[in-house]
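Trainee: I would like to understand the labels we put on a structure. Could we go through a few of them together?

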Amino acid sequence: MSNERQIQDEDLMDVARDPEQAHRLRKALKVLADNPNVGGKLQEMAREVLSGRIGMKDAIETPGYMDALGDRMQQIRRNAENQTMAEREASREKFAAWQKEQEAQEDAERAERDGPTGDIVTAPRRGGRGGGHRG
């Protein structure tokens with residue numbers, strides 16, 4: 001797949017609310033496209049969208065692709081329901097570690113994408129010029 005044209009985050013703005021969501025969507029599609037355990041229609045959909053052969057909006061409206069997504073979600077739900085308490089706790093811990101790693105990776109990617117910030121000083125979120133409201 002690496003020798004094909006790949007869409008960019010901007011190409012997903014017709015379905016994403018903001019550039020950050022478009023970026024996460026493209027990364028998720030890449031995971032689906034590259035993971036050999038996904039297979040079938042779901043992997044096909046991800047590859048088609050990433051190559052630009054079909055738009056994400058069209059993929060969402062394609063019954064075969066949405067059926068494949070629904071089937072995968074049901075499989076995940078069934079697997080979760082059949083876990084023991086120990087397996088659930090292990091899954092939570094594994095997910096927490098994965099999530100922390102993903103956040104760090106996204107922060108690094110965001111910093112790289114946004115470029116160097118130099119010595120920019122940011123103001124506090126509230127209160128503006130300092131001081132506070134006392135009544």
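Mentor: Gladly! Keep in mind that this is a predicted model. Let us start with the largest pocket: helix H1 (19–34) and H4 each supply at least two residues of its lining.

Trainee: Which helix gives the most to that lining?

Mentor: H4 does, with 4 residues. The space in the largest pocket comes to about 300 Å³.

Trainee: What makes residues of the lining nonpolar, polar or charged?

Mentor: The residue type decides: Asp, Glu, Lys and Arg count as charged, for example. Arg72 is among the lining residues, as are Asn35, Asn37 and Leu69. The lining divides into 8 nonpolar, 2 polar and 1 charged.

Trainee: Met73 lines the pocket too. Why does Met73 count as partly exposed?

Mentor: Buried means under 20% relative accessible area and exposed means over 50%. Met73, at 44%, therefore counts as partly exposed. Met73 lies in helix H4, residues 63–81.

Trainee: What makes Leu69, Met73 and Ile76 a nonpolar patch?

Mentor: Patch residues need over 30% relative accessible area and no salt bridge, and nonpolar side chains are joined within 5 Å. Leu69, Met73 and Ile76 form such a patch on the surface, with about 260 Å² of accessible area together.

Trainee: Now the charged pairs. How do you know that Asp9 and Arg26 meet in a salt bridge?

Mentor: The cut-off is 4 Å from a side-chain nitrogen of Lys or Arg to a carboxyl oxygen of Asp or Glu. For Asp9 and Arg26 the N to O value is 2.5 Å, so the pair is a salt bridge. Asp9 lies in the segment before H1 and Arg26 in helix H1, so this pair ties together parts that are 17 residues apart in sequence.

Trainee: Are Asp9 and Arg26 buried or exposed?

Mentor: Asp9, at 11% relative accessibility, counts as buried, and Arg26, at 18%, counts as buried as well.

Trainee: What do Lys27 and Glu109 tie together?

Mentor: The side chains of Lys27 and Glu109 meet in a salt bridge at 3.5 Å, N to O. Lys27 lies in helix H1 and Glu109 in helix H5 (residues 85–114), so the pair ties together parts that are 82 residues apart in sequence.

Trainee: How many salt bridges does the rule give?

Mentor: The count comes to 8 salt bridges. Lys30 and Asp34 meet in a salt bridge at 2.8 Å, N to O; both lie in helix H1, 4 residues apart, about one turn of the helix.

How values were computed
Residues numbered from 1 in each chain as written. Predicted model: local features only at pLDDT ≥ 70, side-chain atom pairs only at ≥ 80, totals over all residues. Heavy atoms only, no water. Patch = residues over 30% accessible without salt bridge, like charges linked within 9 Å, V, L, I, M, F, W, Y side chains within 5 Å. Areas by Shrake-Rupley, 256 points an atom, 1.4 Å probe, with all protein chains shown as cover. Buried < 20%, exposed > 50% of the residue type's maximum accessible area, 1.4 Å probe, protein only. 1 Å grid on protein atoms, 1.4 Å probe; cavity = no way out; pocket = protein on both sides within 12 Å on 5 of 7 lines; lining within 4 Å. Points joined across faces, edges and corners; volume = space filled by probe spheres on them.
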